[in-house]
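Me: I am new to this structure. Please show me how to read it, feature by feature.

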Amino acid sequence: MGHMVSFQRPDGKAVQGYLAEPATSANGANAPAIVVIQEWWGLNAQIRGVADRLAAAGYQALVPDLYRGKATVEAEEAHHLMTGLDFGDAASNDIRGAVQFLQARAPKVGLTGWVSHPRSTPAWSGTAARRWNTSTPARSAPRSWATGPRRTSSSRSTRWTRWK
């Protein structure tokens with residue numbers, strides 16, 4: 001089980017996140033780390049479970065709380081929360097701060113997410129990676145991947161694929 005932590009954004013403001021650590025190493029020391037981007041529902045039990053499963057697999061996993069404590073199960077409210085989010089600020093500060101927090105604790109840091117729209121995580125991570133790779137010296141630049149269902153034009157069936 002993980003716990004809530006506070007970490008600094010690059011602009012100096014504090015933000016909360018859910019940190020899950022592997023049980024096999026003392027306080028997660030030297031375990032690789034992953035920043036997990038929440039779904040549009042917010043930092044809920046499902047996304048905390050994702051972080052806990054990553055920790056059980058040997059990773060440190062941090063989910064920044066992009067909605068500042070708000071979560072929902074209603075699509076209309078989730079849409080409201082998502083449209084009220086400043087994506088540039090979240091990518092430049094919240095997610096970047098999460099990466100920097102983990103870089104101080106881990107040899108390598110990755111970035112992933114499970115989102116309502118499968119193309120959102122590559123957009124988030126692409127924006128973040130471009131900003132980090134050009135403006136932040138880092139021991140390891142974040143790399144991202146996301147999977148999600150996608151319909152092909154030649155088939156009515158849904159297949160899982162790796163988004164590039």
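Me: Which residues have the most contacts inside the largest nonpolar core?
Reply: First, the idea. A nonpolar core is a set of buried Ala, Val, Leu, Ile, Met, Phe, Trp, Tyr and Cys residues joined through side-chain atoms within 4.5 Å. Buried means under 20% relative accessible area, exposed means over 50%, and partly exposed lies in between (1.4 Å probe, protein chains only). Here the largest such core holds 22 residues, and V35, L62, L66, L102 and V109 have the most contacts inside it. This is a predicted model: local features need pLDDT of at least 70, side-chain atom pairs count only at pLDDT 80 or more, and totals for chains, interfaces and linings use all residues. Residues are numbered from 1 along each chain as its sequence is written, and side-chain values use heavy atoms, with hydrogens and water left out.

Me: Which elements each supply at least two residues of this core?
Reply: Helices (H or I, at least four residues) and strands (E, at least two) are DSSP runs, numbered from the N terminus. At least two core residues each come from β1 (3-8), β2 (14-20), β3 (33-37), α2 (75-83), α3 (87-103) and β5 (109-113). The largest share, 5 residues, is from α3. There is also a second, separate core of 12 residues, with V36, I47, A51 and L54 among them.

Me: How many helices and strands does the protein chain have?
Reply: It has 4 helices and 7 strands. From the N terminus on, the order is β-β-β-α-β-α-α-β-α-β-β. Of the chain's 164 residues, 47% count as buried.

Me: Why is α3 called largely enclosed by the rest of the structure?
Reply: Count its buried residues. In α3, 12 of the 17 residues are buried, so the helix is largely enclosed by the rest of the structure. Among them are A90, A91, I95, V99 and L102. The helix also has a kink of about 30°, centred on R96. The bend at a residue is the angle between axes fitted to the seven residues ending there and the seven starting there.

Me: How many salt bridges does the structure hold?
Reply: Side chains of opposite charge can pair when their charged atoms come close. A salt bridge is a side-chain nitrogen of Lys or Arg within 4 Å of a carboxyl oxygen of Asp or Glu. This structure holds 5. Start with R9 and D11, whose closest N and O atoms are 2.5 Å apart. R9 is buried, at 5% relative accessible area, while D11 is partly exposed, at 37%.

Me: Where do D94 and R9 lie?
Reply: D94 is in helix α3 and R9 is in the loop between β1 and β2, so their pairing ties together parts 85 residues apart in sequence. Their salt bridge is 2.7 Å, N to O. Both residues are buried. Another salt bridge joins R105 and E21 (2.3 Å, N to O). R105 sits in the loop between α3 and β5, and E21 in the loop between β2 and β3, 84 residues apart. Salt bridges with shared partners also join R9, D11, R68, D89 and D94 into one network.

Me: Which side chain of opposite charge is nearest to D65?
Reply: Lys and Arg count as positive, Asp and Glu as negative; His and the chain ends are not counted. For D65 the nearest is R68, 6.0 Å away. D65 is buried yet has no salt bridge. D65 lies in the loop between β4 (60-64) and α2. Contact means heavy atoms within 4.5 Å. Not counting residues up to four places away in sequence, D65 touches V15, Q16, G17, Q38 and L43.
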